[in-house]
Number of protein chains: 2
Amino acid sequence: MDGRPDLRNDTARKILDAADELLAEVGLDGVSARSVATRAGVNNALVFYHFKSMRGLVERVLERYYEGQLAALEAATGAADEPLRARLHRVVDAYLDFMEAHRRFPRLVQGLTAMGPELHDLLRGHLAPLLRWAERALADVAPPEGPLAARHLFITFSGVITTWFTQGPLLAPLWGDDPEGPAALAERRAHVRWVVDALLAGLAREEPAGT
Amino acid sequence: MDGRPDLRNDTARKILDAADELLAEVGLDGVSARSVATRAGVNNALVFYHFKSMRGLVERVLERYYEGQLAALEAATGAADEPLRARLHRVVDAYLDFMEAHRRFPRLVQGLTAMGPELHDLLRGHLAPLLRWAERALADVAPPEGPLAARHLFITFSGVITTWFTQGPLLAPLWGDDPEGPAALAERRAHVRWVVDALLAGLAREEPAGT
DNA sequence: AGCGGGGTTGAGCAATTGCTCAACTTTCGC
DNA sequence: GCGAAAGTTGAGCAATTGCTCAACCCCGCT
């Protein structure tokens, strides 16, 4: 009933889905237990029965997304004998695909990050495996320390990708594009790939003799 | 009394400053008119007297930041005869300096962006001049359309910079650094400069014969 | 048939919210 | 020194919030 309720088509799942939708529509502060319950078609007391508190609900929504993201990135990592550039392209594609398939996710993370330090530990716990994964994936080309370390590249890459999804809806109307459309995403995907190539070229130039 | 109250050291300014601080501490939803008034040392009715509504207050806080940011970037743009690389480095430095001097700003924007579409028009209004400025500054090296257009580069650059300030506090403890310290910022600054150089090199390679 | 427990319900409580209002004080032109 | 405007105050209203609780329903078990 608490912690991790069953999510097989029963009430807890409907509540979780409703919370997910509402978080994207009205933001974190706009969603109330009553609104979640109403959308899920259940009594609002059930929200606190299945998830212990409102915060527990939000944490569970987050958890679901981060698990999916990490799985998607790891699945795209592929074999180590593949050329790094091709691997990175696949990973970046997977990142973009996941964000496109779950457009609410970057918004949600953005909102929670800005909500104050109480949630930082929670977010850190989900970010840590992603960072470790990036450090492993970039171990061959990035120095362990300094301005070109994998952690900086990780922040840069994730910034380049997620900023499109968070700022895109704001900016795209300014140049008359549909930010949610597939054409705009394809263009952004090409841009990100180009950025990856340019940064890889820069890394190769920086340290011509790899390990 | 409304719209744009005088900000010369009287009550309206104290309210605005208090709101600014609180927005960063407890997030957008955590700040109430009473909390703002208490911190400012005034009666809470004054919040609605000087600013018409709670939203008006937040808008005014935002406005102050965006005006400062645009001024800082334009001041750093410099003369057109200077080499583009040097100009970009100066602009990027100014961007980083502004963010460092106003660490609450990226957080605030992040929170407001995630808060739902009601605030999007407001944010768009502030973002538009920044975008136009970027398109002007990059007119020589970026094509007007496609994946390398100035707008994509703008999102990329601002993502690389702001993500450090929003995600940094989350990630830095994972590698035992003080994200707010000057050493961490200097390292990030070097990283961003390196990114700028790498992307400029990529652009030069893409279109060897400029206008 | 009876029992017990997970699931569900509506009502409700205490706290907080944005905002209003009438009354009070201060400021300022005249 | 007068009167109007600007500024300030405490009280309070209507609505919403997270959350609790006692009662109920429904199911399998014996």
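Visitor: What makes the approach of B:M54 to a phosphate oxygen of DNA strand C count as a polar contact?

Guide: In this predicted model, a polar backbone atom of B:M54 is placed 2.7 Å from a phosphate oxygen of DNA strand C. The cut-off for a polar contact between N or O atoms is 3.5 Å, and 2.7 Å falls within it, so the pair qualifies. B:A33 also uses its backbone here, with an N or O atom 2.9 Å from a phosphate oxygen of DNA strand C. A:R34 uses its side chain, a polar atom of which lies 2.8 Å from a base oxygen of DNA strand C.

Visitor: Which elements give two or more residues to the surface near DNA strand C?

Guide: From chain A it is α3 (45-50), and from chain B it is α2 (33-40) together with α3 (45-50). The most comes from α3(A), which gives four residues.

Visitor: How do you know which residues belong around DNA strand C, and which come nearest?

Guide: A residue belongs there if one of its heavy atoms lies within 4 Å of the strand. For DNA strand C there are 16 such residues, and those that come nearest are A:T11, A:R34, B:A33, B:F48 and B:M54.

Visitor: What classes of residue make up the surface near DNA strand C?

Guide: That surface has eight nonpolar residues, six polar ones and two charged ones. Phe and Met count as nonpolar, so B:F48 and B:M54, both among the residues that come nearest to DNA strand C, fall in that class.

Visitor: Which residues are closest to DNA strand D?

Guide: Of the 16 residues that surround DNA strand D, the closest are A:A33, A:F48, A:M54, B:T11 and B:R34. Sugar and phosphate account for 55% of the atoms of DNA strand D that come within 4 Å of the protein.

Visitor: Why does A:S32 have a polar contact with DNA strand D?

Guide: An N or O atom in the side chain of A:S32 is 3.3 Å from a phosphate oxygen of DNA strand D, and because the limit is 3.5 Å, the pair is counted. A:M54 reaches a phosphate oxygen of DNA strand D through a backbone N or O atom, at 2.7 Å, whereas B:T11 does this through an N or O atom of its side chain, at 2.9 Å. The elements that give two or more residues to the surface near DNA strand D are α2 (33-40) and α3 of chain A, along with α3 of chain B. The largest share, four residues, comes from α3(B).

Visitor: Why can chain A and chain B be said to have the relation of a two-fold axis?

Guide: Chain B is superposed on chain A by a rotation of 180° with 0.0 Å of shift along the axis, at an RMSD of 0.0 Å. Such a rotation is the relation of a two-fold axis.

Visitor: How do you know whether the copies meet through the same surface or different ones?

Guide: They meet through the same surface, because 100% of the interface residues of chain B are also interface residues in chain A. The contact involves 54 residues of chain B and 54 residues of chain A. About 5,000 Å² is buried between the two chains, and carbon and sulfur atoms give 68% of that area. On the chain B side, B:I155, B:L170 and B:W194 lose the most area to chain A, together 14% of what that side buries.

Visitor: What is the secondary structure of chain A, and how is the chain divided?

Guide: Chain A has nine helices and zero strands, and a domain assignment divides it into domain 1 (1-52) and domain 2 (59-206). Over C-alpha atoms, the centres of these two domains are 28 Å apart.

Visitor: What makes domain 1 and domain 2 of chain A count as being in contact?

Guide: Contact requires heavy atoms within 4.5 Å, and 14 residues of domain 1 are in contact with ten residues of domain 2. The two domains bury about 1,100 Å² between them, 61% of it on carbon and sulfur atoms.

Notes. Residues are numbered from 1 along each chain as its sequence is written. Chains are lettered from A and ligands numbered from 1 in the order in which they are written. This is a predicted model: local features need pLDDT of at least 70, side-chain atom pairs count only at pLDDT 80 or more; totals for chains, interfaces and linings use all residues. Side-chain values use heavy atoms; hydrogens and water are left out. Copies are superposed by least squares on the C-alpha atoms of residues with pLDDT of at least 70 in both. A polar contact is a pair of N or O atoms within 3.5 Å; within protein, one must be able to donate a hydrogen and the other to accept it, and residues adjacent in sequence count only if both atoms are side-chain atoms. Domain bounds come from an automatic or database domain assignment. Buried area is the accessible area (1.4 Å probe) that two parts lose on being put together, summed over both.
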